[in-house]
Amino acid sequence: MDEDVYRDSLSAWKGLSEFGGLELDARDEELVDQLRIELDPEAWSLEVALASASTDMFLQAFFRVIQPFSMMFRDVLDFFEMAGAREGQSQLKLRVENEILELQHFEEFLEHWSLLQN
């Protein structure tokens, strides 16, 4: 199986955006601007900021920007754990746009996030 290897920050961002299903002109627009500011507050676009950033700089900035979202996931998971919910019917499913997220999705995200933070 042939997998893409992104060797610069712009192609890494484009790959991540496509793979992650980001909506850059809609709900994720604020993420784009926060990332641009984190990389280069003087850049007029994210593409310009990415052009002068290494992939390492991009990834560090990206994880700093999404950290509040991971904290939100942690809070949701804590809520379910405190309630003793390990499995359930549709009442434990969360619809975000067209995606249905279950407790397992939060747990997997947080597990991966924790590994990246260490």
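A polar contact is a pair of N or O atoms within 3.5 Å, where, within protein, one atom must be able to donate a hydrogen and the other to accept it. The views below show a predicted model.

**View 1. The start and end of helix 1.** At the start of helix 1, a side-chain oxygen of Asp8 comes to within 3.1 Å of the backbone nitrogen of Leu10. After helix 1, which covers residues 9-19, comes Gly21, with a positive phi near 65°.

**View 2. The buried residues of helix 1.** Ser9, Ala12, Trp13, Gly15 and Ser17 are the buried residues here, and the buried residues of this helix pack against helix 2 (29-39), helix 3 (46-51) and helix 4 (55-82).

View 3. Leaving aside residues up to four places away in sequence, Ser17 touches Leu22 and Leu24.

View 4. Four aromatic pairs are found in a search of the whole structure. One of them joins Trp13 and Phe58 edge-to-face, at 6.2 Å centre to centre and with 80° between the planes; because Trp13 lies in helix 1 and Phe58 in helix 4, the pair ties together parts that are 45 residues apart in sequence. Phe58 is buried, with a relative accessible area of 0%, and pairs with Phe62 in a tilted arrangement, at 6.0 Å centre to centre and with 40° between the planes. Phe58 and Phe62 both lie in helix 4, four residues apart, which is about one turn of the helix. Trp13, Phe58, Phe62 and Phe63 form one aromatic cluster.

Conventions
Residues are numbered from 1 along each chain as its sequence is written. This is a predicted model: local features need pLDDT of at least 70, side-chain atom pairs count only at pLDDT 80 or more; totals for chains, interfaces and linings use all residues. Side-chain values use heavy atoms; hydrogens and water are left out. Buried means under 20% relative accessible area, exposed over 50%, partly exposed in between (1.4 Å probe, protein chains only). Helices (H or I, at least four residues) and strands (E, at least two) are DSSP runs, numbered from the N terminus. Contact means heavy atoms within 4.5 Å. Rings of Phe, Tyr and Trp (its six-membered ring) pair if their centres lie within 6.5 Å; planes under 30 degrees apart count as stacked, over 60 as edge-to-face and the rest as tilted.
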